[in-house]
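Subject: Structure handover

Hello,

I am passing this structure on to you.

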Amino acid sequence: MSSKTKDMLLQNKKVAIIGGGPGGLTLARLLQLKGADVKVYERDKSREVRVQGATLDLHFESGLRALEEAGLMDAFRANYRPDADRLRIMDEHASIFFDEHSKTAKGDFGDEWFRPEIDRGPLRNMLLDSLLPDTVVWDSHIVSLKRHGDTWEIIFQNGNMVIADVIIGADGAKSKIRPFVTPIKPFYSGVTVLEGNIYDAEKNAKKINTVLQGGKIMALGDSKTISVSAKGDGSLDFYAGWNADVNWLTDSGIDFKNNKQVLEWFKKEYVNWDSIWLELFEAENTIFVPRPQYCMPLDQHWDAQPNITLIGDAAHLMPPYAGEGVNMAMLDALQLSQSLTSENFTDIRSAIAHYERQMFARFADIGRETLDNTEFMHSPDGLKKLMVMFGQHLE
Ligand SMILES: Cc1cc2nc3c(=O)[nH]c(=O)nc-3n(C[C@H](O)[C@H](O)[C@H](O)COP(=O)(O)OP(=O)(O)OC[C@H]3O[C@@H](n4cnc5c(N)ncnc54)[C@H](O)[C@@H]3O)c2cc1C
């Protein structure tokens with residue numbers, strides 16, 4: 001690690017990053033490369049906690065760019081999953097309309113459209129391994145902050161507290177830090193998602209696993225979607241998305257720990273879908289997580305504060321239908337680290353303001369694209385429009 005702290009805004013400052021997701025860990029790495037004093041406070045008990053969730057495709061201009069700047073491309077090449085980005089677009093009857101498995105090559109690093117896939121666990125491990133020892137303070141569930149002059153007191157659920165000079169909220173969708181930056185709240189997108197993960201997919205979801213072929217499926221029909229991705233540990237992750245009332249979660253009365261109830265709901269809600277999709281809901285040990293999809297207002301902005309800001313979902317939560325969430329979190333980390341370690345600013349507030357201006361403008365565009373995708377994919381013409389996006393035409 002270099003120790004270029006001379007003239008740096010963060011010299012002798014304690015930086016507390018709240019949340020060790022992809023955004024927070026990328027930021028910690030980038031700041032440590034510049035010699036900053038950084039801690040990451042993460043509520044997970046330890047690094048052994050299994051990281052759930054769909055695989056992630058990193059983009060040339062954002063996620064991969066941040067990794068490049070973080071000096072982690074070799075680690076990424078060692079951990080990404082070649083060919084896991086191969087997509088099949090299907091309809092509710094399980095007909096295949098677009099198939100990347102039949103293509104010989106899907107591009108390579110350096111190609112703008114090459115979007116290599118990595119599982120969340122290996123991405124997290126790779127970032128953790130790049131940090132100085134004891135950077136991440138595990139089992140640190142933050143419940144609040146208190147301002148003390150120019151510093152912040154961080155208050156943990158277990159009653160502990162620490163003091164920091166600069167706070168970065170990287171604590172995701174239900175950020176505890178965001179209210180200290182802005183009162184602006186997310187709005188409901190109109191789509192709810194039910195996510196599940198099936199262990200040993202070869203055994204527990206045989207037919208889907210055969211179609212999946214280690215890649216991804218995007219199925220659309222009847223104004224509903226199902227997205228499936230294969231993971232390196234032999235499991236598959238999927239999420240079903242459909243138009244639902246904002247209160248569906250409570251009104252449905254479903255006990256999501258009772259898989260039979262979930263299966264019955266799926267049969268009714270996805271009544272026109274082929275029986276092959278039932279496999280996703282029939283496996284006994286699947287843990288289901290319902291996620292009503294919220295989005296921050298696209299025109300959100302606030303005045304920069306002297307020593308607190310947000311990155312990733314905490315800053316600009318959005319639905320997953322443009323595959324940009326992690327990529328934007330990592331680009332936030334890059335742009336914020338560049339601002340905070342630049343010699344162009346005389347104080348931290350100006351550096352934060354510069355970062356936030358870039359973040360607001362970028363989110364206005366990406367968030368628009370995300371909401372448009374979310375809407376059309378859950379409309380009667382969803383499949384047709386997705387095919388056009390992929391340069392195909394559907395009669
Ligand atoms: C079903 C689904 C599919 C998705 N697919 C994609 C995709 O394909 N591509 C993509 O780019 N994005 C995708 N996303 C979005 C992506 O997951 C998020 O945008 C991304 O994880 C945001 O990163 P983050 O670091 O900001 O927050 P997170 O990944 O949410 O990390 C936040 C961290 O903070 C910790 N934390 C939270 N609260 C506290 C607290 N109070 N105290 C201490 N620690 C705390 C959490 O434990 C977590 O480790 C998907 C999202 C969903 C729901």
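This is a predicted model: local features need pLDDT of at least 70, side-chain atom pairs count only at pLDDT 80 or more; totals for chains, interfaces and linings use all residues.

Residues are numbered from 1 along each chain as its sequence is written, and side-chain values use heavy atoms, with hydrogens and water left out.

Domains

The protein is divided into domain 1 (14-51 + 123-184 + 297-372) and domain 2 (187-295); the bounds come from an automatic or database domain assignment. Taken over C-alpha atoms, the centres of domain 1 and domain 2 are 30 Å apart. Contact here means heavy atoms within 4.5 Å. On that basis 11 residues of domain 1 are in contact with 15 residues of domain 2. About 950 Å² is buried between domain 1 and domain 2, and carbon and sulfur atoms give 60% of that area. Buried area is the accessible area (1.4 Å probe) that two parts lose on being put together, summed over both.

Cores

A residue is called buried under 20% relative accessible area, exposed over 50% and partly exposed in between (1.4 Å probe, protein chains only). A nonpolar core is a set of buried Ala, Val, Leu, Ile, Met, Phe, Trp, Tyr and Cys residues joined through side-chain atoms within 4.5 Å. In soluble globular proteins, nonpolar side chains tend to be buried together.

The largest nonpolar core has 78 residues, and Phe76, Ile154 and Ile167 touch the most other members. Helix H12 (residues 348-377) gives the most to this core, with 10 residues. A second, separate core has 35 residues, including Ile198, Ala201, Ala219 and Leu280. Leaving aside neighbours within four places in sequence, Phe76 is in contact with Leu58, Leu64, Leu67, Phe109, Pro116, Ile118 and Met126.

Helices (H or I, at least four residues) and strands (E, at least two) are DSSP runs, numbered from the N terminus.

Helix H12

Ile348 is in helix H12 and is buried, because its relative accessible area is 10%. Not counting residues up to four places away in sequence, Ile348 touches Leu9, Leu10, Lys13, Val166, Pro306 and Leu340. Of these, Pro306 is 42 residues from Ile348 along the chain, with 6.0 Å between their C-alpha atoms. Glu343, in the loop between helix H11 (325-340) and H12, is exposed, with a relative accessible area of 63%. The C-alpha atoms of Glu343 and His101 are separated by 48 Å, and the two residues are 242 apart along the chain.

Other residues

Asp91 is in strand E4 (residues 87-91) and counts as buried, because its relative accessibility is 8%. Beyond four places in sequence, Asp91 touches Phe97, Ala219, Leu220, Trp277 and Leu383. Asp91 and Ala219 lie 128 residues apart in sequence, but 5.1 Å apart in space, C-alpha to C-alpha.

Phe98 is in strand E5 (residues 96-99) and is buried, at 7% relative accessible area. Not counting residues up to four places away in sequence, Phe98 touches Leu87, Arg88, Ile89, Lys103, Met387, Phe390 and Gln392.

Asn12 has a phi near 60 degrees, a positive value in a residue other than glycine. Asn12 lies in the segment before strand E1 (14-18) and counts as exposed, at 77% relative accessibility. Phi of Ser223 is likewise near 60 degrees. Ser223 is in the loop between strand E13 (216-221) and strand E14 (224-230) and is buried, with a relative accessible area of 18%.

Regards
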